[in-house]
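Hi everyone, thanks for coming.

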Amino acid sequence: MAGRYLIGLDYGTESARGVLIDAETGVQVVSHTVDYPNGVMARMRDGAELPRGWALQDASDYLVAAREILTVLGTGKHIESIGIDFTASSPMPAHADGRALSQTHPDRGHAYVKLWKHASAQHFADAINARGGDFLTNFGGKVSGEWLLAKAAELAREAPDLWAQTDRFIEAGDWVVWQLTGQERRSLAFAAYKAQYDAREGYPADAVDGLEARLSAPFPIGTSAGRLNAAWRADTGIEGPCTVAVAVIDSHAVLPAVGGVRDGCLVAALGTSAVYLHLSSAFKPLPPGIEGVAKDASVAGFWCYEAGQAGFGDTLAWFARTFPRGAELSDSFAAYNAEAAELAPGAGRLVALDWWSGNRVPLADTKLSGLLVGLDTHTTAAQIYRALMEALCFGARSVVELFEAGGLPVEEMIVTSGLAASNSLLVQILADVLGKEIRVPEIDNATAVGAAIHGAVAGGVVAGFAEGAERFGARSFRRVSPVDGNTEVYAKLYSGYRALAETRVVRDVMHDLAEVEASAGKPSAGRRSVA
């Protein structure tokens, strides 16, 4: 046999990335990235503009990406397994035969994938939360407008004719697995964290009328969803058993790739948004403000507590795009990072709230927005950029403090994903704000590697996630320690951040502004609806 390989597919917000790993040596052989042809949709195919707060994707883009990546990586190779991770919650309506509803109703917005950052379902989440129920116990008493239940309620209420044609309301990651294998195999990761599935009670019975009939029982992570079917083998030239694992949430997939398989470990995945995952072998009641907890849905044998920031890298990207310093976005980032690195902590006397995309923890409120305090006629663009970086790190500190106050000590902190590797200044500020040493895994394509490890577990290449982490995960780490004196300065600034975040009038004004915008943005009588 010439060689045995693993493939990991990482489906992000704007693109998908695949990595090919030698199953014997653990070495990454090659990676390949494909941008989605339709990206994050701002308009329908005929040019009709989507309402503000909507974020849709075309499910066909995922198959375009899979076909190209699997062909580039796998043609003529003996592939033991494929693992898939996906942004969440990104649900979609589908017919019983697996066809996306957007295929049969291309002119209807509600027929498409609602990406994780689709924000218009928040008031449906508010209504679910107001009714309450035992299924909210492990989710702090509330679901988010980003999650499946709220988006299902939005579809059922605003497009009842499409809801009637929806045989399956399914996470996009689970749908991709369905397409590759020909079998619907939902993942416990998506079901538990994004649809509030409980092993004893099942899905919430009364959250959305008719939803239970459109869901199916989930399968544990690290298990097989089937093998790559004949059509995909013919299209891609892949050989070998090619077991396809059930899908996993993208931020969770990274855990085995970075060694996050131990008690007391907090892994921060810093990308477009930020996710914080705390592992515990013993159950402890959900700390107030933390998003949720489930067992065996991230790493088998562990309770994994999840928290996050709705906006992280996208906040910095917004600033660099809006106030460019170069022809390319990368040029602007380089310029701003270089200038910000020359500034002292708190330069410009600025404090910001990191709510550019709403607040996920502890408020679960997509209607909140960003705030910048301390501007004057001497403020520079670089000072604002650094203040945004500091605000993101203050948000991270608030999450860490919630874990620790809830009896979940952070004994080890690992920071990973794109920003951890590309923005050393941001990681240093984070260490200074937290007053903790941070370990940054030195591994390329960590999330895709994590997906590949899930596939390896499902295909029996390794016995479990711990062995997968040892064989295929990061083999070295960069240590980042707090700079003497900076932590004390940030403690004072963090007090200001907390005061603003906890002031009710600030949040009320943000809600009022959101209502004003919603009223002003209603379609005129002559404007065609895309719902």
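**Cysteines and helices**

Let me start with C393: at 0% relative accessibility, C393 counts as buried, where buried means under 20% relative accessible area, exposed over 50% and partly exposed in between, using a 1.4 Å probe and protein chains only. Before I go on, this is a predicted model, where local features need pLDDT of at least 70, side-chain atom pairs count only at pLDDT 80 or more, and totals for chains, interfaces and linings use all residues. Residues are numbered from 1 along each chain as its sequence is written, and side-chain values use heavy atoms, with hydrogens and water left out.

C265 is buried, with 1% relative accessibility. Back at C393, the nearest cysteine sulfur is that of C265, 19 Å away, and C393 is in no disulfide.

Now the helices, which are DSSP runs of H or I with at least four residues, numbered from the N terminus. Helix α12 (residues 381–405) packs against helix α14 (residues 424–434) at about 45°, and their axes are 9 Å apart. Those axes are lines fitted to C-alpha atoms over the stretch in contact, and angles run from 0 to 180 degrees between N-to-C directions. That makes α12 oblique to α14, because angles under 35 degrees count as roughly parallel, over 145 as roughly antiparallel, 65 to 115 as roughly perpendicular and the rest as oblique. Our friend C393 shows up again here: the α12 side of the contact includes C393, F394 and V400, and the α14 side includes L425 and I429. Contact here means heavy atoms within 4.5 Å.

Next pair: the axes of α15 (residues 446–458) and α16 (residues 465–472) come within 9 Å and cross at roughly 130°. So α15 and α16 are oblique to each other too. Among the residues touching are I453 and V457 of α15, and F465 and F472 of α16.

Last one: is α9 largely enclosed or open? Enclosed, because 7 of the 8 residues of α9 (residues 250–257) are buried. Among those buried residues are H252, L255 and P256. Just after α9, have a look at G259, which takes a positive phi of about 80°.

Terms used. Disulfide = S-S within 2.5 Å. Helix = DSSP H or I, 4+ residues; strand = E, 2+ residues; numbered from the N terminus.
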